[in-house]
Amino acid sequence: MWQDLNFFVYLCRRYTCITMGNIKLKPDFIFESSWEVCNKVGGIYTVLSTRAKTLQDEMKDRIIFIGPDCWKENDCPYFREDNSLLAEWQWETKEQGLKVKVGRWTIPGEPIAILVDFIPFFEKKNEIYGWLWEKYQVDSLHAYGDYDEASMFSYAAGLVVESLYKFNVGRGTFDRSTKVIYHANEWMCGLGALYINNKLPEIGTIFTTHATSIGRSIAGNQKPLYDYLFAYNGDQMAGELNMQSKHSIEKQTAWHVDCFTTVSDITAKECLELLDKPVDVVLPNGFDDSFVPKGAQFTRKRKTARKRLLEVANALLGEQLDDDTLIISTSGRYEFRNKGIDVFVEAMNRLLRDRDLKKKVLAFIEVPGWVGEPRKDLQERLEKLNKKHEKVDFSEPLEVPQLTHWLHNMSHDNVLSMMKYYDMHNRKDENVKVIFLPCYLDGKDGILNMHYYDVVLGNDLCIYPSYYEPWGYTPLEAVAFKVPCITTDLAGFGLWANKVFGHYGELKDGVKVIHRTDYNYSEVADAIKDAVADFSAMTQKQVDDCRKKAEALSKKALWSHFIEYYHEAYDIALAKAEARKK
């Protein structure tokens, strides 16, 4: 009962603050840390890298991002070192034993970034964990996997902030009236947030969980999350799922920072139930569309993407699929159930026998698996296709015509196993062909050799039937590139889209939002199948209208609109920090 009341109070406070237009405290300086600063791993990289330009435009180099130095002597492809930046402070770090690289994050806005070497702190790991237990009762005894690595980085990031803050105080750049924010993203940065909370109480602290570690684990372990959310005890489930340490640092950080945030209303409820703490603000993930091609360039890039996707498919399948083929895809992390990859395969299997399908369908599953190498036989065929003045038609498919790259775990891969179970072998007489592209689309995969954003705009329709998705960048990215998409109301983006539309989204709105629960897997698969069949029967005018509606929705999710929620979080954190100064 009290959880529902707290959640109601949080919603009231959130919307009251926004609508009343209160005058907010603004930071003079922001430090923000994440494991994904200059380190492209997942969706958080997209959150930070697309938001950076909006904050950089406002702050003018008074926002500094802190990330892990994972590259050592090698060049980081997302970072340009510049020793002239913070040059005097860099000399001080050497005396303090901090190993840092200072430069620019090579993204729109090019904000200052500091990469810190966290490896030296492993030798004092036990001492750090002892301090963490003594001050905040964080249980690090059950740590395994990436917990130690993330914690040592987080501690190092906290030391960087402490060092740079005190350096600026010593020079007189910062004084008692200077308003400073430290923003930590995910449990991986929790230790640093607690360190700043303890050592520098004059700094306002913000913690954003992009998904609770225990909620993701419950969903990933095939347990029903949503129907039983009210009954789950986060601490108990952490013990059952061997997640004690990650859950502990996440929960204690949420309780002790000045402003606790998450990315969607659905995850806010999850935080309340599993961390026993209502969030102060929801920070929905926006998008920066400055790199989306316009006009003739967009048309040219879309044609190029479609041509390449069809070339790869035809070489693999021994087909002659033409540009009238309906190209669809799903993408994201390889979380087979959470991302709805299982239900996508199920839907494509059912679509094979759908009599309402009006076009041939080419469906790509673009999730990075345990890649061995690009297929040499496929590369050879593609080289023949690319030779000028030669027309090549391949009449026979290659072996395993569902796969573009060999995998290390062919016999245990979930996608291949499910397709084998359903006897989905991309036969000549089948109108639906499903191809697994199991690698990062970074332009250097050896087969497609295109970047993800260039690939997305070649699609006719994107499908993301997520079961666990705190926000959902993939559908937002799709609509930004004028590609209609299908998602679910278990994704934060899907709920937001429904709120904008005022009803459950349909394809004619640019985004179809399917109702999903713990138990309606089959109904979701049928809804996807029917939606693809309906889309295949649309006239060109109807398709064009869908694409316009998709783009229009994406404009409402730009950072220029969503940044106001961050200002609300800054205000809350700074107000508490200011109170501590008195």
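The lining of the largest cavity holds three nonpolar, one polar and five charged residues. Here Ala, Val, Leu, Ile, Met, Phe, Trp, Tyr, Cys and Pro count as nonpolar, Asp, Glu, Lys and Arg as charged, and the others, Gly among them, as polar. The model is predicted: local features need pLDDT of at least 70, side-chain atom pairs count only at pLDDT 80 or more, and totals for chains, interfaces and linings use all residues. Residues are numbered from 1 along each chain as its sequence is written, and side-chain values use heavy atoms, with hydrogens and water left out.

**Exercise 1.** Find which residues line the largest cavity, and which helix gives the most.

*Solution.* Start with the term. On a 1 Å grid over the protein atoms alone, a cavity is a set of points where a 1.4 Å probe fits but cannot get out; lining residues have an atom within 4 Å of a point. Next, the volume: about 70 Å³. A volume is the space filled by probe spheres set on the points, which are joined across faces, edges and corners. Then list the lining: Asp289, Val292, Pro293, Lys294, Ala480, Lys482, Glu551, Ser554 and Lys555. Helix 19 (residues 540-555) gives the most, with three residues. Helices (H or I, at least four residues) and strands (E, at least two) are DSSP runs, numbered from the N terminus.

**Exercise 2.** Describe the second largest pocket by volume, lining and class.

*Solution.* A pocket is an open set with protein on both sides within 12 Å along at least five of seven lines. This one has a volume of about 350 Å³. Its lining has 18 residues; Arg302, Lys359, Asp460, Gln540 and Val543 lie nearest the centre. Helix 11 (295-317), helix 18 (521-536) and helix 19 each give two or more residues to this lining. Helix 19 gives the most, with five. By class, the pocket lining splits into four nonpolar, four polar and 10 charged.

**Exercise 3.** Work out how strand 17 is placed and which way its side chains point.

*Solution.* Take the partner. Strand 16 (residues 485-488) runs parallel to strand 17, joined by four bridges; strands pair if DSSP finds at least two bridges between them. Thr488 stands opposite Ile514. Now the side chains. In a regular strand they alternate between the two faces of the sheet. In strand 17 (residues 511-514), Val511 and Val513 point one way, Lys512 and Ile514 the other. All are buried, meaning under 20% relative accessible area with a 1.4 Å probe, protein chains only.

Note on methods. Buried means under 20% relative accessible area, exposed over 50%, partly exposed in between (1.4 Å probe, protein chains only).
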